[in-house]
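This report concerns a protein–DNA assembly and its contact surfaces. Please consult the sequence and the structure below while reading.

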2 protein chains.
Amino acid sequence: MSTMHDVAQRAGVSPKTVSRVVNGEPGVSERTRQKVDAAIAELDFRPNTVARNLRTGRTGLVGLALPHLSQPFYAELAEAIMREAERHDLTVLTELTGGVAEAELALVSEHGPYLAGLLMYPVGLSDEQARSVARAVPTVFMSERAYEAPVDRVAMANREGVRAMVGHMASLGYTRIAALGADHTGRPERAAAHLRLDGYRDGLSDAGLPYLPELVLEVGTPDWDRQHGAEATRGLIERGVPFDAVVAFADALALGALHAVQEADLAIPDQVAVAGFDDLDDARYACPSLTSVAPGTAQIAREALALLNDRMALTAPQNTGRLVVADFDLMARESTLGGVAAWGTA
Amino acid sequence: MSTMHDVAQRAGVSPKTVSRVVNGEPGVSERTRQKVDAAIAELDFRPNTVARNLRTGRTGLVGLALPHLSQPFYAELAEAIMREAERHDLTVLTELTGGVAEAELALVSEHGPYLAGLLMYPVGLSDEQARSVARAVPTVFMSERAYEAPVDRVAMANREGVRAMVGHMASLGYTRIAALGADHTGRPERAAAHLRLDGYRDGLSDAGLPYLPELVLEVGTPDWDRQHGAEATRGLIERGVPFDAVVAFADALALGALHAVQEADLAIPDQVAVAGFDDLDDARYACPSLTSVAPGTAQIAREALALLNDRMALTAPQNTGRLVVADFDLMARESTLGGVAAWGTA
DNA sequence: CACTTCTAGTTCATCGATGTCAACGGACCG
DNA sequence: CGGTCCGTTGACATCGATGAACTAGAAGTG
């Protein structure tokens with residue numbers, strides 16, 4: 001590994017001049033610039049990032065904190081963010097928190113000091129903890145929950161998305177539309193469930209349909225997975241409650257519902273229509289393919305990095321948090337439209 | 001941020017002594033150690049990682065290079081590796097290569113200098129390129145392809161896994177077992193396909209079944225996804241070739257096959273049994289749940305980090321690469337066994 | 001021509017921690 | 001009692017790059 005000093009000697013100039021050339025600073029004549037460039041090429045010199053970081057105090061490292069990667073939603077989000085970070089010349093350091101406040105905080109105390117910024121999908125953090133995280137390092141949350149803290153946040157169009165989905169179903173003639181994934185604990189970390197339930201009510205009222213509590217299915221755990229989606233749907237069927245559609249608050253739940261409905265020999269979408277939220281790859285490939293709300297993952301990644309950039313540059317307001325809500329798309333597929341749409345297409 | 005200097009002043013000692021305490025070096029009396037510890041606590045001092053890295057030349061950063069995260073197999077692998085890295089006190093820097101040699105190399109030239117090690121799932125690299133990567137930074141490949149280079153590698157039990165799967169099917173009485181995912185291009189980057197096909201032949205010959213070329217399905221692209229799995233299976237059905245089982249070389253292909261088989265109104269597993277490879281979460285949740293070869297992802301992560309540790313410590317032999325093959329498990333589920341095994345269980 | 005004004009480039013200190021080596025004080029020994 | 005040795009501790013240089021302050025010479029100005 002050659003250093004700037006080596007390059008300087010070879011080019012017959014001072015190290016500082018080499019530094020100027022490398023960083024494209026002004027005050028270097030064309031002639032010397034060329035000499036230095038030549039020396040750099042000959043020695044295959046690459047500036048030592050660590051030393052630079054120490055001197056400048058900047059690292060170009062941003063932390064990405066997610067609960068898991070094994071759930072496709074997070075994996076897809078991670079991928080989008082990494083691709084976007086690359087465009088900003090930032091290096092991503094990924095940490096899995098398991099959705100536990102402890103781990104979410106540990107990340108900050110352990111890596112915080114040398115992180116230029118932090119993108120976090122917080123789950124367990126309290127308002128107070130969120131504040132302390134944001135105080136320690138420039139932070140952007142990707143989260144449906146609003147925090148009582150001056151933190152930037154990117155969210156999905158939870159309410160509007162579900163509202164539109166209910167509208168979609170109503171316009172197809174479905175009238176007894178179940179909601180799958182409600183939460184009645186009121187706990188703030190379940191904000192996504194609350195907002196989506198609000199959207200469900202909005203959609204019903206838009207369509208002039210009554211809100212029927214027996215069609216609102218709670219899911220026992222905070223984990224929205226197929227297992228629980230199937231169980232809740234089975235329960236609905238067994239109770240004999242009449243219904244002709246299910247709007248699930250997550251694709252995983254919807255895929256479970258799909259399973260339970262087919263298990264009961266009900267035709268999709270003729271007897272029961274099903275829809276989800278997240279637009280996972282799995283939704284496209286499900287059988288039948290699943291209608292879903294695409295939450296604009298790419299846009300979320302873009303906005304999150306834009307906000308973070310501002311904050312790292314201290315361009316952003318210091319005492320207030322900004323909120324960006326991503327646009328959604330309603331991806332209508334076989335599970336509501338029926339037909340023989342080619343499998344695996346958008 | 002307080003520095004060692006601050007702590008030293010507060011404790012009335014020299015910075016070097018603080019350094020000794022922090023790093024648990026010997027040669028510090030109990031009395032001073034306590035004074036220093038107290039000062040550290042009072043100032044909430046945390047050593048500056050960047051400065052330490054510069055001085056020592058070590059970083060504790062390992063790169064993780066994967067083609068994608070959006071394919072569940074890679075996401076699950078990434079998760080396993082991150083969890084394991086944490087146990088080794090290593091920080092993981094993830095990069096997505098898209099499976100392109102260019103990106104795989106760029107990672108090294110860009111971040112290589114300050115990476116303590118590299119875990120890569122290589123796809124596009126040539127032997128020569130693999131060599132140059134391994135020369136630049138301590139490297140462990142996770143890859144089915146063997147490289148003509150002194151690089152450590154962790155692989156799956158490709159051949160044995162498929163062999164066992166074919167045995168499993170034969171023991172259940174299936175005799176016309178199709179292979180899905182073969183490759184006849186012979187290109188080295190498709191080694192997984194070649195090995196698995198070998199395993200298929202082994203399995204047939206173990207069971208005394210003939211190898212029938214018309215039952216070997218090639219998949220057009222290197223991408224093993226559901227779409228292609230479904231297409232190839234449809235082709236088989238349309239050609240009217242009799243078959244009673246499909247062993248797919250990847251779960252994604254198997255899920256596609258599942259779809260195509262059901263589409264043709266063939267009962268699973270009564271008329272056609274289906275099995276995959278990878279044991280994705282999706283396999284457990286498929287309908288019917290999918291029998292699959294679990295490649296031992298957790299073990300792969302463990303072994304990969306163990307090998308990398310050796311190599312970073314220079315404990316490993318320098319001119320030769322080691323190979324570890326992970327154990328596999330045959331997860332038999334409804335798609336071969338039938339029955340009503342609880343959905344979503346192991 | 002003396003004097004300011006640039007420009008191109010240099011010197012030196014510095015970021016924070018750590019390796020090297022020397023110094024200091026007490027214990028122990030002959 | 002002088003000398004050696006050992007356990008502690010500190011002074012200083014160093015890792016590689018960069019910011020601040022400075023200089024030598026060219027160019028412009030009245």
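This is a predicted model: local features need pLDDT of at least 70, side-chain atom pairs count only at pLDDT 80 or more; totals for chains, interfaces and linings use all residues.

**Interface of chain B and chain A**

In this interface, 39 residues of chain B are in contact with 39 residues of chain A. The size of an interface is often given as the accessible area lost when the parts come together. Here chain B and chain A bury about 3700 Å² between them, and 62% of that area lies on carbon and sulfur atoms. Two salt bridges are found across the interface. Asp282(B) and Arg226(A) meet through their side chains in a salt bridge, at 2.4 Å from N to O. Elements giving two or more residues to the chain B side include helix H10 (226-238), helix H11 (251-263) and helix H12 (281-285) of chain B. The residues of that side comprise 17 nonpolar, 13 polar and nine charged.

**Surface near DNA strand D**

DNA strand D is surrounded by 25 residues, with Met4(A), Arg52(A), Arg55(A), Thr17(B) and Arg55(B) the closest. Of the DNA strand D atoms that come within 4 Å of the protein, 62% belong to sugar and phosphate.

| Residue | Atom of DNA strand D | Distance |
|---|---|---|
| Thr17(B) | phosphate oxygen | 2.5 Å |
| Thr32(B) | phosphate oxygen | 2.8 Å |
| Arg55(B) | base oxygen | 2.7 Å |

Helix H2 (15-22) and helix H4 (49-56) of chain A, together with helix H2 (15-22) and H4 of chain B, each give two or more residues to this surface. H4(A) supplies the largest share, five residues. The surface near DNA strand D divides into eight nonpolar, ten polar and seven charged residues.

Technical notes: Residues are numbered from 1 along each chain as its sequence is written. Chains are lettered from A and ligands numbered from 1 in the order in which they are written. Side-chain values use heavy atoms; hydrogens and water are left out. Contact means heavy atoms within 4.5 Å. Buried area is the accessible area (1.4 Å probe) that two parts lose on being put together, summed over both. A salt bridge is a side-chain nitrogen of Lys or Arg within 4 Å of a carboxyl oxygen of Asp or Glu. Helices (H or I, at least four residues) and strands (E, at least two) are DSSP runs, numbered from the N terminus. Ala, Val, Leu, Ile, Met, Phe, Trp, Tyr, Cys and Pro count as nonpolar, Asp, Glu, Lys and Arg as charged, and the others, Gly among them, as polar. A residue is near a molecule or strand if one of its heavy atoms lies within 4 Å of it. A polar contact is a pair of N or O atoms within 3.5 Å; within protein, one must be able to donate a hydrogen and the other to accept it, and residues adjacent in sequence count only if both atoms are side-chain atoms.
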